[in-house]
Each structure stands twice: as C-alpha cells, then as structure tokens.
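Let's take a walk through this model together.

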Amino acid sequence: MSKEQTKSETKSCPFNPYAPGFDANPYPMFKELRTHEPISYWDQGHGWIVTRYEDVIAALRDNKRFSTNSADWELASTLGTAALIPERDELNKSNLFALSDADHARVRKLVSPAFTPRAVEWLRPDVQAIVDELLDAAEAKGTVNLVSDIADPIPARVMSSLLKIPKGREVLFQRFTEASIKSILPSLIPSEELAAVREGIREGIVLLRETIEERRRNPVENDILTTLIQTEEQGDKLSTSELLSLVGSLIVGGFETTVHLIGFTMANILRRPELFAQLKAEPELIKNTLEEVLRHDSFGKLGLTRYAREDMEFGGVKLKKGQRLFLMNNSAMHDEAAFPNPETFDVRRNITASIAFGHGMHFCLGVHLARLEGRIAVGTLLKRFPDMKLVKPPAFGPHPVLRKMETLEVQLLARS
C-alpha cells in the first residue's frame, strides 16, 4: 500500500468478523490481511484494522500519539457510548482507559497491590471449593455443556466471593457484565438489542452503588472492596467515580475473560488427544497450556482499540486525528515475524511476546485472578475426569465483539 493512500482511496476492507465460520476459525482471514493489506479501513466498524505484530505493538507502546479514551474518537458524539448508551458514560469518564496519564498512574499504583499474584492467592481455597461443588453437580449429569454448566458459574461465584456480593445478586451482576462487554463498541450492537443493553447497565450501576455503600457501612477485614473504599477516604486518593469505575471494570473483566479462558482451553485440549495425554502425565504444563490458548485461539473478535491523537503516518497509511484503530492482537499473535510456526499449538512455546492481556501501562489489571481461576478449573477437570470426551465441536453464538462460545458438549467419565 502506498504511503500516500488514505481511507478514501483504499479498496474495501475484506475483514468481516460476522462471516460464517469466522468464530470457529478467524485465522485464515487474519493471515490474508497480514499478507496483503495489514492496515485497512473497515467501514462497518468505522476504524482501521491493524493486523501485524510490529504495528500492533508499536501502537500499544505509543501513548503519546494514541489514546485509549473512546471520547477521543472522531465519531464519539454520534456513535460513541455517550450518544448511544448514556447510562455507561458515568463509568467511562473515570475508568483507567479514560484517565489522563498522571491520574492513570496514580490510580494504578494505588490499586495494583490488591491484584498481584500473592494478593489473589488467598482466593485459592474459595475458587477450589467453588470448582469442586460445580463438578460434583456436573458429574451427576454425566453429559454437560461445559460452558453453561461449569465455565459460566465459576467467575460469577468467585467475583461474589471477592466482592462479598449478597446472595441472589450474582445473576444481576452477570447481566451487567454481558451488557458492559457489548457496550464497548455500541455502534456494532443490533438496534433491537440496544434497549436491553441499556437496562443491564442501569441495573448494574445501581447494584454497584448499593454494594459500595453497604461496604462503607459494614467494612470487612481482608476484603478488596473495603480496602479500596478506605484508601479512597484516606487523603482523597480515589474519587467516588474512580471507585465505581474500578469495581465495574473488575466485575466485567473477571466474568467474561475467565469464562472464555476455561471454555477455549478445554476445547483445545479435548480436540487434541496427544495434548490431553501429555497434560495427564505432566499437569504442571497446564499453566503453559492456558497461555498458549490465549495466544493461539484468542476469544476476542476486534482486539484492542486506540484513537489517533494527531494526524500522522502509521504503518504505510495516513491517519487523521480522532480516527479509531482496532489493534488485532489475535492476528498479531499469529504473525510469523513474532512467533515461529504460529499455527502450531505448542505448550512449551516461549510466550514472553504474548499480548493476550495487552501491553505496557494498560496491561490487564485482573490477569492474575483470571489465571488462578483458569488453572484451578482446568486442572481439577483433568484430574477428576481423565477420560472425558468431546461429544461435538463447540458452537458459537452471535456477539458484536467476542467469539462467544455458547456450547461445548462433553461426556464426563470419572476415574474408575
């Protein structure tokens, strides 16, 4: 592509994340884009699709020229969250992606100690108990949908334990999560679903406020929400809106990431008998397997979004201030220039270059919690059901931003 080409001069972008078969295997389409049109303008998404590792990592590192704040999008006033889902605007204004660099660093420094591997390790007994209880019920059924029967309930229960969410509220928080994920790119939500998404956001914000206020009245020892609230009240380090956004982001990230991490990992294991046998012989490789699944079979459709802070030339195209970029980390992690033999699933691969959880100052805050849940869930499944079998390939449902695995039918065969 000539360096003089701009959006108006480029041919129609071949990217179509809603094409039949994309959810099951998007990687041939990504390879085509990386090879022939690594940066191209996608009309439906009103933004540039960036597919090569080199370009994706360059944009993730360049906080001076690229913003994470969706309010900086050129079409925010008509197609952004504030325009289409104003209920979410309250959360967006104070989330980590919208804060200035100085405020982002301040808030991140304040809350990061609560999300270190050591800090989340205290949840291990609770996670193990939740997984064991769910697998007891699943064993009685024999054949299960591993997504809805096991993967879905785990993060809901863990998040309830983490935030001490009152019994009976888990379903409402999960509805808020699903609505929040869809509202990341509201212009891609089908019009007939918009009202339900807005209602889910409204309900969620009410629940967030009620949960925070209840914890103000009744602090709990060794409780992350109590810690965040008390930190806010000591020197006004964390504003109420920042606290609301942080808790909202924690719930959203804690649900969806873990559900798909468990589901996609088990699908990859069950489709590979040699891998299943290897993990039974070397269970310590489960950790590497989760990371390789995140690289090899990412559940995201549209990667990470950034917004041009200025007119610039980037990767051979001219960007205008305010234009949106979809940094396709799912494609980048299949780039031959960064990962040798990227199509090969290799549990012994060096994945230090992985950008599954982002990169740099916006690296995912909840990554260690997601990994803990994933390792316990997958490890316990393999130990308790070493002869389980995949009944049929996974089935995917429609979703604007996720390869949403809805069904993974598995026959559980307990150790005799």
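α13 is the top contributor to the lining of the largest pocket, giving four residues. Helices here are DSSP runs of H or I with at least four residues, strands are runs of E with at least two, and both are numbered from the N terminus. A pocket is an open set of points on a 1 Å grid over the protein atoms alone, where a 1.4 Å probe fits, with protein on both sides within 12 Å along at least five of seven lines; lining residues have an atom within 4 Å of a point. This one is lined by 17 residues, and A114, A119, W122, I224 and T227 lie nearest its centre. Two or more lining residues come from each of α6 (101-111), α7 (117-121) and α13 (224-233). The volume is about 260 Å³, counted as the space filled by probe spheres set on the points, with grid points joined across faces, edges and corners.

A word on what you're looking at: this is a predicted model, where local features need pLDDT of at least 70 and side-chain atom pairs count only at pLDDT 80 or more, while totals for chains, interfaces and linings use all residues. Residues are numbered from 1 along each chain as its sequence is written, and side-chain values use heavy atoms, leaving out hydrogens and water. The chain averages a pLDDT (the predictor's confidence in each residue, from 0 to 100) of 87, and 93% of the residues score at least 70.

Now find α16. Nine of its 11 residues are buried, meaning under 20% relative accessible area with a 1.4 Å probe and protein chains only; exposed is over 50%, and partly exposed is in between. The loop from α16 (286-296) to β5 (304-308) holds K301. Is this lysine buried or exposed? K301 counts as buried because its relative accessibility is 2%. Its side chain reaches the backbone oxygen of H399 at 2.7 Å.

Next, the open sheet: three strands in the order β4-β12-β9, paired antiparallel. Strands pair if DSSP finds at least two bridges between them. β4 (143-145) and β9 (389-390) are the edge strands, each pairing on one side only. Three bridges join β4 to β12 (residues 409-411), and T143 sits opposite Q411 in β12.

L413 is partly exposed, as its relative accessible area is 26%. Beyond its neighbours within four places in sequence, L413 is in contact (heavy atoms within 4.5 Å) with R384, F385, P386, D387, M388 and K389.

Notes: Polar contact = N/O pair within 3.5 Å; in protein donor to acceptor, adjacent residues only side chain to side chain.
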